[in-house]
Amino acid sequence: MKTIIKNGTVVTASDTFKADVLIEDGKVSLIGQNLPSEGAEVIDAAGMLLMPGGIDPHTHLDMPFGGTTTTDDFYTGQTAAAFGGTTCHVDFALQQKGQTLKQGVEMWQEKAEGKTIIDYGFHVAITDPTEASINEIPSLVDIGVSSLKVFQAYKGAFMVDDTALYKAMEKARDADIMLMTHSENGDAIALLTEQLVAAGKLDPGYHLDAHPREIEGEASARAIALSAVTGAKLYIVHMSCSDSIAQMALGRDRGYNVMGETCTQYMFKFEEDMRVPGYEGAKWACGPPVRTPEDAEFIWESLRNTTLQTVATDHCSFNYEGGVDGKLPGKELGKDGWHKIPNGIPGIEDRMPVMYHNGVNSGKISLNRFVAITSTNAAKAMGMYPQKGTIAIGSDADIVVWDPNKEHTISAKTHHMNVDYNAYEGMQVKGMPVRTIIRGTTVVDNGKLCVEKGFGKYVNRKNPVIV
Ligand code: URP
Ligand code: ZN
Ligand code: ZN
C-alpha cells in the first residue's frame with residue numbers, strides 16, 4: 001500500500017522544507033522533490049504544512065478518580081485527539097491498592113481494547129509502594145513501559161513518601177525507566193485542606209489556598225535533588241508556576257538528568273477564573289492548580305528557552321453538570337466543599353490548535369519549536385523516537401496535514417470530547433489540522449472520522465531520553 005503526499009511543506013523539530021513524502025506499509029519510505037506517484041494514492045498538500053502527529057504524553061482516559069470516573073473513554077478521548085491532530089498519547093495506568101504494577105497495566109489494556117483510534121502507550125502510576133511493587137519496576141520494560149509516575153501529593157490515596165520515591169528512583173535508574181513525579185507537597189496540602197474546611201471555607205476558590213505555589217516549588221526541588229543523588233532520569237509532570245520551573249532551570253543548569261512538562265491550561269486559565277462568585281470556578285480545579293498570567297508568561301519563556309520541553313494536556317474530563325441523564329458524577333460533587341471536586345481539566349482535542357495559534361501565530365515560539373514541544377520531545381522522553389515524533393525515512397507515517405489559514409472557533413458545542421464544557425470556549429484560532437494520518441492511514445479527513453474502533457495500536461516503548 002503506497003501513499004504520496006505531494007506539494008506540502010515538511011516541518012520537523014529542526015527543519016522546514018518543501019518536499020513530497022512517500023509512505024509505504026505505514027512508514028515514511030522517501031522524502032524528496034517531485035517524487036513519482038505511480039501506483040500510489042496521491043494526497044495534494046499544496047499550501048499545507050506536514051508535521052509529525054501530535055504526541056500527548058499525559059492523559060487520563062476512563063480513570064476512576066475523585067469519587068467518579070473520567071468521562072472520556074479510549075474511544076471518545078482518542079477520537080477527539082485525532083480531530084485535534086494528535087496521533088499518539090501516553091495514558092496513566094493507575095496501580096490499584098493490592099495490585100501488582102503489571103495488573104495495573106493489564107487493567108488499562110482492557111479499557112483500551114477494541115476502542116482505540118490513535119496509537120498509545122501506558123505509564124504506570126505507582127500507588128501502593130510495597131517492597132514487592134518497587135522490586136517489580138524493572139520488569140515494566142518487558143511490557144513496553146518505559147515511564148513510571150510517583151505522586152508526591154494526594155495524601156491517603158496515591159502519595160508515596162520520600163523513602164519510596166528514592167527507592168523507586170534507584171530501580172528506575174537501573175532499568176532505564178523515566179521516573180515522573182507529580183510534585184506538590186501532599187502533607188502540606190492535607191493540613192491546609194483540613195484547616196480550610198474546618199473554617200467553613202468551602203467555595204471552589206479555596207482550592208487555590210490549599211495548593212500554594214511554594215509547595216510545588218519545594219516538592220519539585222526535592223524530586224530534582226533525589227534525582228541528582230540517585231542518577232535517575234526525572235520528568236516532572238504538569239509544572240504550573242515560576243516557583244517549580246525555576247527549580248527545574250537550576251537543576252538543568254547543574255547538568256542533572258531532569259526535564260519538565262507543562263500543560264496547555266496553565267497558559268490560559270488563571271486563579272481569577274477560579275475565584276469567580278458561584279460554582280463556575282470548579283471547572284478549573286486541578287492539581288497543581290491554575291496560577292497567574294505572570295506564570296503563563298514565565299511558562300512561554302521557559303518553553304522558548306528549553307527549561308520546559310513538553311506541553312501535555314493532563315486531559316482529565318469531568319462534566320460540570322454530571323450525575324444527571326445517565327452521566328457520570330462530575331464537578332458538581334464539590335458543591336458542598338471544594339475538596340470534593342474531582343480534579344482535572346479536559347483538552348486532548350485543543351492542545352495543538354491552541355498552542356499553534358497562540359504560540360506560532362503570535363511569534364512566541366517558532367514553528368519548529370512547536371513541533372518539538374508538541375511531538376518530538378515527548379517521543380524522545382517517552383522512548384518512542386524515531387518511530388514517532390518526526391517525519392523521517394523509516395518512521396511511522398504519523399503526519400498531520402495542517403492548514404495554517406484555516407480558522408476555527410473552539411466550543412463545547414462542536415468539540416468531540418465527551419464533556420460539557422471547554423477550557424478554550426470561544427477562542428478563535430487560525431491553523432487547524434485538516435487530515436490526520438496514522439501509520440499511513442487517514443484517520444480524520446476534513447471533519448470525518450475514517451477508521452473503525454480498534455485502529456489504534458499499543459506502542460512498545462524503551463530507552464527514554466532526557467531532552
Ligand atoms: O488535576 C489533575 N491533574 N488531575 C489528574 C491527576 C493528576 O494528578 O495528574
Ligand atoms: Zn499529577
Ligand atoms: Zn495527570
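Modeller: In sequence, the donor residues of the zinc ion (ligand 3) follow the spacing H-x1-H-x253-D. Histidine 60 sits in the loop between strand 6 (54-59) and strand 7 (64-65), and aspartate 314 in the loop between strand 15 (308-312) and helix 11 (351-361), so that the pair links parts of the chain 254 residues apart. Please keep in mind that this is a predicted model.

Colleague: Which atoms coordinate the zinc ion (ligand 3)?

Modeller: The zinc ion (ligand 3) is held by His58 (NE2), His60 (NE2) and Asp314 (OD), at 2.0 to 2.1 Å. The zinc ion (ligand 2) is 4.0 Å from the zinc ion (ligand 3).

Colleague: Why is the arrangement around the zinc ion (ligand 3) called tetrahedral?

Modeller: Ideal angles at a metal are 109.5 degrees for four tetrahedral donors. Here the four donor atoms subtend angles of 87 to 130°, which makes the arrangement tetrahedral.

Colleague: Is histidine 60 buried or exposed?

Modeller: Histidine 60 is buried, at a relative accessible area of 5%. Aspartate 314 is also buried, at 8%.

Colleague: Which strand gives the most to the lining of the second largest pocket?

Modeller: Strand 17 does, with five residues. The second largest pocket holds about 300 Å³ of space, and both domain 1 and domain 2 supply at least three residues of its lining.

Methods: Residues are numbered from 1 along each chain as its sequence is written. Chains are lettered from A and ligands numbered from 1 in the order in which they are written. This is a predicted model: local features need pLDDT of at least 70, side-chain atom pairs count only at pLDDT 80 or more; totals for chains, interfaces and linings use all residues. Side-chain values use heavy atoms; hydrogens and water are left out. Donors are N, O and S atoms within 2.8 Å of the metal (3.2 Å for Na, K and Ca); water is not among the atoms, so sites may look incomplete. Four donors count as tetrahedral if all angles lie between 85 and 135 degrees; four count as square planar and six as octahedral if opposite donors are over 155 degrees apart and all others between 65 and 115; anything else is irregular. Helices (H or I, at least four residues) and strands (E, at least two) are DSSP runs, numbered from the N terminus. Buried means under 20% relative accessible area, exposed over 50%, partly exposed in between (1.4 Å probe, protein chains only). On a 1 Å grid over the protein atoms alone, a cavity is a set of points where a 1.4 Å probe fits but cannot get out, and a pocket is an open set with protein on both sides within 12 Å along at least five of seven lines; lining residues have an atom within 4 Å of a point. Grid points are joined across faces, edges and corners, and a volume is the space filled by probe spheres set on the points. Domain bounds come from an automatic or database domain assignment.
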